[in-house]
Amino acid sequence: MQKGVRYNEGHALYLSVVARKEGAKRGFLSKKTTENSRWTEKYFALYQNVLFYFENDQSTRPSGIYLLEGCTCERAPAPKVSAISKEPPEKQQHYFLVIFGHDGQKPLELRTEEETDCNEWVEFIQQASYSDIIIEREILMQKYIHLVQIMETEKVAANQLRTQLEDQDTEIERLKAEIVVLNKTKERMQPSQSNQEEEDPDIKKIKKVQSFMRGWLCRRKWKIIVQDYICSPHAESMRKRNQIVFNMVEAETEYVHQLSILVNCFLRPLRMAASSKKPPISHDDVSSIFLNSETIMFLHEIFHQGLQARIANWPTLVLADLFDILLPMLNIYQEFVRNHQYSLQVLANCKQNRDFDKLLKQYESNAACEGRMLETFLTYPMFQIPRYIITLHELLAHTPHEHVERKSLEFAKSKLEELSKMMHDEVSDTENIRKNLAIERMIVEGCDILLDTSQTFVRQGSLIQLPSSSERGMLSKVRLGSLTLRKEGERQCFLFTKHFLICTRTSGGKLHLLKQGGALSLIECTLIEELEASDEDCECQGFNHLEFKIVVEPPDGQSFSVVLLAPSRQEKAAWTSDISQCIDNIRCNGLMTSVFEENSKVSVPHMIKSDARLHKDDVDICFSKTLNSCKVPQIRYASVERLLERLTDLRFLSIDFLNTFLHTYRIFTTAAVVIDKLADIYKKPFTSIPVRSLELFFATNQGSWATDPLNNKSPRLCRKFSSPPPLSIPPRTSSPVHSRKLSLSSPVSGKVGVLDLSATPSSSAANSPTSSHCPSISSPPPGSTRPPSAPASSEPGDLSPCRSPSTPRHLRYRQTGGELHVPSFFLPGFSNSEKTCDKEFIIRRAATNRVLNVLRHWVSKHSQDFDMNGELKMGVIGLLEEVLRDPDLLPQERKATSNILSALSQDEQDDAQLRIEDILQMAESPKAECFESLSAMELAEQITLLDHIVFRSIPYEEFLGQGWMKVDKSERTPYIMKTSQHFNDMSNLVASQIMTHTDVGSRASSIEKWLAVADICRCLNNYNGVLEITSALNRSAIYRLKKTWAKVCKQTKALMDRLQKTVSSEGRFKNLRETLKNCNPPCVPYLGMYLTDLAFIEEGTPNFTEEGLVNFSKMRMISHIIREIRQFQQAPYRIEHQPKVTQFLLDKTLVMDEDTLYELSLKIEPRVPPG
C-alpha cells in the first residue's frame, strides 16, 4: 500500500474478493522486490482503480494494494543481463513500469512472459489511472481560477466606478450649493448693478453641461427602448401583419381590375350588341352568362377604396369595420356560384352561333385581356371568398389576443367560412366544367354531351386504333407493325364518366370526332381486355398484349367494335381499369333508375333519402350539397370508419371517391387497415356490411308483395350487385357454363313468381361459401309466359374468361317498347331454403366483386404502393390466392383475380423506356459533341426526353405532407429534390454555355439558338424546359450584358417576351394553367406550380377537424392535383434517345457556379462608372 494513504481494512478485503471474481484484469505477474531486486511471481487482480496482488491464486488475503489514480503505465526495456549474474538464463520477458504520482513513491516494476498480455496490462492500468479525467479536471480548474480572477477584477472596477459616481454626486451637490449661494448673493445685489452685469460665465457653462447631459440621457434611453421593441416578437408580428395587409390590398387591386375587364370588355359591349338590329345574342343570355358580376364589381370597388383609405393612415391599420360593412353584402356571391354552371352552359350554347363566336374572339383579342378567355374571367369570383378566409387566417395568426380588432376579425372569418362551405363544392365543379368546355372547344364539330354538368372528366391520352377485321384483310402484317400505321391510327382519347370520345388531331391542333365510334356511350359498351386467338379482331401479333377491345351495341343500329393499342402495360392497365369502373357505375345507376322509377313508385332520390346515412350529417360524417358521379352527396368530413364503409358499400362506388381515397389514404390511415377491411368484406360480408346497405341492396318492401305477388315489375325481383354479377345459381350437379347459357337466353317477359328475400340470415357463419346446398331453377308458376323458342347458347365471346369484370352486354338493362327485359339474375320460383341460400350467394358474389374492383383499381393505377411496401404486396397476394380457392368463384371473377395477380408480378416500367438511373450513367460518360455541332431540334427533343424521364419518376406519395419543405426533405422526397436539382443543372448549363464565348457576336448567336430551343420545347409541350432556359437568360450574369443583348435581333427578343409571358408566375401561373388545360399529353409541366398549389391547400386547411374527422374535401382537392400530375407522367414521348446529345446536356464539367458566372460577366463587360 502506498505510504500516506488511509483505508478501511474490512472494505479493502471486500474489494479484494470482488477483484478476484470480477476484476477487469487478472493473472500472474513477476514483481521486482525493492530489497534484493529479485523477481517474484505474484497473482494480480485489477478492480476499478485499485490493483491487488496475492501470494498465489488461492490466497484470500491480499499481500499488497496499489491505488492507481493519477499514475502512468508504460512499457520498459528489458534490463541487461550481467555476465556475473548467478540467475539461470530465462526465455524472453516483457517489462512494464507503473509510475505513481505521489512524491517519494517508488515505481512498480512488473513483467510478463507474453507480449500481448503485457500490452493488455498496460492498457487496463492506463485506463484505471483516470489520467484523462484528471487532465480535464486540471483544465477546468484553470478555467475556474481564470474566471474567478476576472470576477475579482470586475468587482474592483465596479467599486471604482461606484466611487467615481459617489464623487460625482458629491460634486453635483457642491455645485448646487454654490448655485444657491450665488443666487442669494445676486438677489442681494443692487438692482442697477444686476441689470448691468451679465450672468456669470461659470453658471452658463454649468447649465450647458446639465442640458447636454439631460438630452444625452433621454436620447440614450429612447434609443434602447426603440431597439428593444424592434427586436421584440410583437414588432416582428406587426411587421408581418402589415405585410399581409399590403398584399391583400394588391390582390384586391388586381381583382377589381379583372372585374372591370369582365364588365367593360365583355358585359357592356355584349349588351350593346344585344340591342343591335341583328343581335348575335339576346339580353336574357347576356344576363344568364354574366349574372350579377357588375354588382360584385361595384361592391369591391367600394371595399377597395376603403382599403386604400386605411393604407393612407398607415401605420394605424384598422380593417375590422371594413369587413363588418362587407360581410352582409357578400351574400350576392351565393347567386353567382349557384348559377355559375348554368352560366358556362349558356355561354357554350351561344358559341354555336358563328356571329357570336367571332364577336367573342374579337373581344378576347383585346390587349387588356392578355390572351385570357371569357370563361377565365367568369371563374375569378369563385375564388375570392376562400382568398379572404386565408388572408384573415394569416392576419389572426399575427394579431395579439388583446388587440382591439381580434374579436371582429374572428367573427368575420367565421361568417366567411360558413359562406365558403356552401360555395366550396361549386368551385370544384366549375374546374371540372372548365375542363370539359376546353375539350369541347378543341373539337371542331362540337360535342353536346360535354355540356352535361354530371359529365366528369376521368382521363385523356394517345392510343392507337387498330383497323377492323374487314380493313385488316387489305393490310400486311408488316404494315400493321409499321410506323405508318402508328401515325395514321393515333387517336386522342377522352374518358368521361358516361362517354368515351375518340378523336383525330389535325396539323393545326384541332380535334375531329370519328364519324363512326367517335362518341361512345359507356352504357352501350362492353370491355374485353385480353383478345383470344379465336377472336376475329385478334389477327395481328407482336403487340405484347397491349391491345384491348370495346364492343358497342347501340339500341338503334348495328353493333361494332373498336380495338385500341396502349403504349405500355401501365397505360393499358390504367385505361382498362378506369373504363371498367365507369361502365360499372353507369350500369349500376341505370339499373337502379330503371327498376325503381319504372317498376315501382320509389325513385332513386327517394331511395337515397330513405337511407339517412347517405345524405344527413351525423357526429362522424358531414355531407356537401354536390352529388358525385353516382348521384350521391359528396363527403365533406368523415371518420375513417365511415370512409371505409363508403369504400365497401355494395350499392355504388364512385370513381372520383375511389381515386381520392387511394391517392390520400396514407394521410389518415394505413394500407394494412384498408386491406383488413377488404378482407373482412370478403370473408364476412354479412357482419362487415352495414345492415341498411343490405336492405337497400335487395330493396325489400314486404307491404307491396301481398298486394301484387306476381307483378314482374316489382323491385323485389331485382338483385343488385357490383360487376361482374352472378349469371345464374348453378346446382352442384350441372355445369356452370351450361347454366349460364340457359339463363342468358331466357329473359323474363311475362309475370313471374316472387323471390322472397326477406329472411336475412342472422349470421354468416352458418352458411359458408362452400355450402353443399344451392338453389336450382324451378319451373315458372302458372300464368307466367316464356318465349316460344330460345337459343341454346349465347355468343361465344360472352363466355370468354378473358373479359373484364365489367357487366357483360347480355346483362345490360334495357327497356324497349314498354316491355321490361329483366336480366337473368331475376330468378323466380324458389323454395324457402333456396331463397335464403340464393340471397347469401348473391351477397357473397357482390362482396367478392367489390373487393376485386377496388384491388384492381389499386394495383393497376397505384402500383407504386406495392413496390415500396412488400408487406402490403404479400397481404394482397394472400387475399387473392384465398379468393382463387373459392369453389363458387365465377369464371369472370377467377379471370379478374388472375389478372390482378399477374399485374402484381409485372415490372413497374417497360424495358423500352429510359429510367432515371440511365440518366445518371449518361452523366458519367465523356462528352462527345459540342454545342455548335448540335441542332436546336436535337437539343429541344433530348431536353424534353430528359425532363420527362425525371418528371415521371416522382412517386405520387411524395406530393403529400409538404415533405419538400421539411428539414429532412432529401430523405422524404428524394425524387422531387432530384427534379429540382435537374432543373438547376440545366439552367446552369445554359448560362455557362453562353458565358464561355469571348466575343459579343458568338454570345448573341448562342442566346438566339437557346431561345429557338425553348420555342421548340414549347411546341413539344415541355414548359419545364421553357422555364429552364428563360430563367437562365434572366440571371443577373447574363441579363446585365447590354452589348450582347443589343446584338440579338428583335424577333428573338419578342419570342423571349412571349415565352416568359407563358411561363410567368404572375397570378399563380395563370397563363401556364390556361395553356396546360388546352394542351394534350404528352407534356412536361413546371413542377413548382403544382407544389405551390399543394402548399396552398396544406397550409390553408387542416387534415382533420376539431372533432377528429378527416377533411375529405381537402383530400379531394389534393387528389385533383395529383391526378393532373399523373396524367402528364403516364403519357410518354415518342422521342428517340440520342446519347451524344444527352451526354452534352449532362456534362457537369461545362457548368459554372453563380459567383464564377458573375465574375466572368464583369470581365466581359465591366461596370460603367457613374457619371
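Here is a walk through the charged side chains of this structure, from a surface patch to the salt bridges.

The model is predicted, so local features need pLDDT of at least 70 and side-chain atom pairs pLDDT 80 or more, while totals for chains, interfaces and linings use all residues. Residues count from 1 along each chain as its sequence is written, and side-chain values use heavy atoms, with hydrogens and water left out.

Glu-166, Asp-167, Asp-169 and Glu-173 make up a negative surface patch (patch residues have over 30% relative accessible area and no salt bridge, with like charges joined within 9 Å). Of these, Glu-173 sits in helix α3, residues 131–188 (helices are DSSP runs of H or I, at least four residues; strands are runs of E, at least two).

Now for the salt bridges (a Lys or Arg side-chain nitrogen within 4 Å of an Asp or Glu carboxyl oxygen): the whole structure has 26. One of them pairs Glu-294 with Arg-271, at 2.9 Å from N to O. Glu-294 belongs to helix α8 and Arg-271 to helix α6, 23 residues apart. Glu-294 counts as buried at 15% relative accessibility, whereas Arg-271, at 36%, is partly exposed (buried is under 20%, exposed over 50%, partly exposed in between, with a 1.4 Å probe and protein chains only).

Further along, Arg-459 and Glu-571 meet at 3.7 Å, N to O.

Last stop: Glu-1098 and Lys-1114 form a salt bridge with their closest N and O atoms 3.0 Å apart.

Note on methods: Patch = residues over 30% accessible without salt bridge, like charges linked within 9 Å, V, L, I, M, F, W, Y side chains within 5 Å. Areas by Shrake-Rupley, 256 points an atom, 1.4 Å probe, with all protein chains shown as cover. Lys, Arg positive; Asp, Glu negative; His and termini not counted. Charge placed at Lys NZ, Arg CZ, Asp CG, Glu CD.
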